[in-house]
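Please work through the exercises below with the sequence and the structure at hand, trying each task before reading its solution.

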Amino acid sequence: MANYTTTTITPKYHDAMVDWQKKNFPELAILEKYWEDHFKGQPPFELVAKVGDLQSDTVMVGQYTGRKRFERAKEMVGNAFFSARDIIRAQASTELGSIQQHTLTLDKAISDRGKFAVLRIMAEELRHAYQMFWVLDQDQTWKKPGLGDVANQTIEELLSMELGSHVLDAFNIDFNDFLDNVTYATVIDLVGKYQLEMQQVFSYAPMARSMGPMLLEESFHLGSGRALLKDIGEMASRGEGDYSVEDMQRALNLWFPRGLEMFGNEKGGETAVTFGFKDKTNGTAQNEYIEEVRGVVRNVNIAMVQERIAGISRQDAHAVIDEIEKSGDPSRGVKPEDIISLPDVKFFRKRGMDEFVFMPYDVRGDLLTEGGTQLSPDGYLRYLATVLPEKFIGSREYDKYVDQMREHYSDK
Ligand SMILES: [Fe+2]
Ligand SMILES: [Fe+2]
């Protein structure tokens, strides 16, 4: 267990956060009322900052390695100050955005267990945002001559963000059904885990102290997402429930590319390492992430194969999936469309390396062509409509993608 103490932030901001919660997350009251029914023996939710231990008093990576970690923002010079602020701001934006997303489809939960898992995730994301506010609020040196109170400005900005204006694309996409809540907790929260793990080395000590307690909570989000995705997969394999295997595949196709992009350009991330903010570059962390998602997909597939072939062992189910993936043909009566697969990293990308940004790659990573030349943007949009959730097509974030793609090609 991580050791931590709890604290609160300046009443003005604490109250602002409670107001934000009442407006964006009134369902917190339901969670509090029935907490004991669902999470017996576990400490009830509290809107506090949790201050954990540092792994070391000194900076662990980058140009300040071996020096004492920074306790004051003003000790971070030049770009490091703003870069740290940007990371804290982006982190808080993800926490608040995810609450605004989850709430859209909370009442479409597949079960009471699913609904309360999501409610708890939302409450903990609220606490995570609060934690980031604490990082800014506990230090009077988040002020710069001529720039005013950076902490204050950042908190005010965050509290006014709506879906569509969050920092990262993944946190602007509206949820349309409960499959979004579940796929998101599996695929997007997992990126959060990677960021929090990397940021345990953060050279600015208050940020580093925040990571352990947040990670502890994040494991519930990931575990819930995985368990519910497996439930949905098993139901789909039996022909039960609201979702088909194809629905699951389309949801994965929507969220996985945005998860990949949360790492930043796969060629970058050196600056964050130099400043001692993270211990891995974007590409390294992203690769580990891809392998972990691959494992999650495999587990869901195992459960679905076991649902279709009565009594099959895990080992034999693995063999069935290996066979399908290798040959593209059915194996023991299980068809390729009866399982899900991880889209290629080049599919449906809007950020990252030039080689694939806005390029018409299909889910398998093959460049789509038409009469020997690269498929046109319109052709690619028609393709996307066949592999992404129907309700995403024509949505605000879809339109944004279309606009950005057109701009990308008009610049050429
Ligand atoms: Fe979080
Ligand atoms: Fe989370």
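## Exercises with worked solutions

**Exercise 1.** Decide whether Phe358 is buried, partly exposed or exposed.

Solution. In this predicted model, Phe358 has 19 C-beta neighbours inside 10 Å and therefore counts as partly exposed, since a buried residue needs 20 or more and an exposed one has 12 or fewer. As for its place in the chain, Phe358 is found in the loop between α11 and β5, and its phi is near 60°, a positive value in a residue other than glycine.

**Exercise 2.** Describe how α6 and α8 pack, and which residues make the contact.

Solution. Begin with the geometry: helix α6 (residues 178–198) and helix α8 (residues 245–261) pack at an angle of about 30°, with their axes 9 Å apart. Because angles under 35 degrees count as roughly parallel, α6 and α8 are roughly parallel to each other. The crossing in which α6 passes α8 is right-handed. Next come the residues in contact, which include Leu179, Tyr184 and Val191 of α6 and Met248, Trp255 and Gly259 of α8. Sorted by class, the contact of α6 with α8 has 10 nonpolar, 2 polar and 2 charged residues.

Key:
Residues are numbered from 1 along each chain as its sequence is written. Chains are lettered from A and ligands numbered from 1 in the order in which they are written. This is a predicted model: local features need pLDDT of at least 70, side-chain atom pairs count only at pLDDT 80 or more; totals for chains, interfaces and linings use all residues. Axes are lines fitted to C-alpha atoms, for helices over the stretch in contact, and angles run from 0 to 180 degrees between N-to-C directions. Helices (H or I, at least four residues) and strands (E, at least two) are DSSP runs, numbered from the N terminus. Angles under 35 degrees count as roughly parallel, over 145 as roughly antiparallel, 65 to 115 as roughly perpendicular and the rest as oblique. A crossing is left-handed if the near helix is turned anticlockwise from the far one by less than a right angle, and right-handed if clockwise. Two residues are in contact if their C-beta atoms, placed from the backbone, lie within 7 Å. Ala, Val, Leu, Ile, Met, Phe, Trp, Tyr, Cys and Pro count as nonpolar, Asp, Glu, Lys and Arg as charged, and the others, Gly among them, as polar.
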